[in-house]
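Colleague: Before we go through this model, could you take me over its helices and side chains, one question at a time?

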Amino acid sequence: MAFVRAAVVTFVILSTIRPWKLPSVRTTLAWCVWAAHWFAILAVWLVAIAPRYLIDLLHVLFIGGFSLLILAIATRVTLSHGGHDLAQERGSWPLRIGLSTGLIAMLARVGAPFAAFTYFAHLAWAGILWISGMLFWGFYLVRLIRTRQITQP
């Protein structure tokens, strides 16, 4: 069933999102969404091919796929509904820090079972990096929400 799930996920993403096309708008946010879809496809196939590492490889889906989508979509929604200039998403450093720490955390978590002597250190660093990046990004979003721009028609 894992191969069926992988095929269905791949078909749905490829047919609706068309991730083989690079983002037309070259912003950090657009690259997050683009990469998240590739991570989702990669994750379901890795889980199907290597079921022994199911828990470890699902972190590719949850951190690489879903976390990136959360970062990107929440940033866009906060900027647009808060009346902020969408140009802020082009080179958003809080988004980039959240993205970078999340991806490093994902690599540390996926690599943990292959580093027997430092397994728990890998898990600890993965958790610390992911939480730190999400908090940094989250505080930035809270600041944006609190400083909502009011536009006059």
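Predicted model: local features only at pLDDT ≥ 70, side-chain atom pairs only at ≥ 80, totals over all residues.

Colleague: Which residue just after helix 3 takes a positive phi?

Modeller: A positive phi of about 55° is found at Arg 18, although Arg 18 is not a glycine, and that residue sits in the loop between helix 1 (2-16) and helix 2. Just after helix 3, by contrast, the positive phi is about 75°, and the residue that takes it is Gly 83.

Colleague: Is Thr 78 buried or exposed?

Modeller: Thr 78 belongs to helix 3, and a polar atom of its side chain lies 2.7 Å from the backbone oxygen of Ala 74. Leaving aside neighbours within four places in sequence, Thr 78 is in contact with His 84, Leu 141, Leu 144 and Ile 145. Because buried means under 20% relative accessible area, the 12% relative accessibility of Thr 78 makes this residue buried.

Colleague: Which helices are included in what covers the buried residues of helix 5?

Modeller: Helix 5, residues 119-146, has 28 residues and reaches 40 Å from its first C-alpha to its last, close to the 40 Å expected at 1.5 Å a residue. Its buried residues are Ala 126, Gly 133, Met 134, Trp 137, Tyr 140, Leu 141 and Leu 144. What covers these buried residues includes helix 3 (54-81) and helix 4 (93-111).

Colleague: How far apart in space are Ser 100 and Ser 80, C-alpha to C-alpha?

Modeller: Ser 100 has its place in helix 4 and is partly exposed, with a relative accessible area of 37%. In sequence Ser 100 and Ser 80 are 20 residues apart, while in space the distance between them, C-alpha to C-alpha, is 23 Å.

Colleague: What kind of aromatic pair do Trp 31 and Trp 34 form?

Modeller: When ring centres within 6.5 Å are taken as pairs, the count comes to five aromatic pairs. For Trp 31 and Trp 34 the centres are 5.3 Å apart with 90° between the planes, and this pair is edge-to-face. The two residues are three apart in helix 2 (residues 28-49), so about one helical turn separates them. Since planes over 60 degrees apart count as edge-to-face, the 90° between the planes of Trp 31 and Trp 34 gives the kind asked for, edge-to-face.

Colleague: And how accessible is Phe 120, as a relative accessible area?

Modeller: Phe 120 pairs with Tyr 119, their ring centres being 5.0 Å apart and their planes at 85°, so that this pair is edge-to-face as well. Tyr 119 counts as partly exposed, at 25% relative accessibility, whereas Phe 120 is exposed, with a relative accessible area of 66%.

Colleague: Which residue lies over the face of Trp 93?

Modeller: The distance to consider here is 4.8 Å from the ring centre of Trp 93, and the residue lying over its face is Arg 96.

Key: Residues numbered from 1 in each chain as written. Heavy atoms only, no water. Helix = DSSP H or I, 4+ residues; strand = E, 2+ residues; numbered from the N terminus. Expected span 1.5 Å × (residues − 1). Buried < 20%, exposed > 50% of the residue type's maximum accessible area, 1.4 Å probe, protein only. Contact = heavy atoms within 4.5 Å. Phe/Tyr/Trp six-rings, centres within 6.5 Å; stacked < 30°, edge-to-face > 60°. Lys NZ or Arg CZ within 6 Å of the ring centre and 35° of its normal. Polar contact = N/O pair within 3.5 Å; in protein donor to acceptor, adjacent residues only side chain to side chain.
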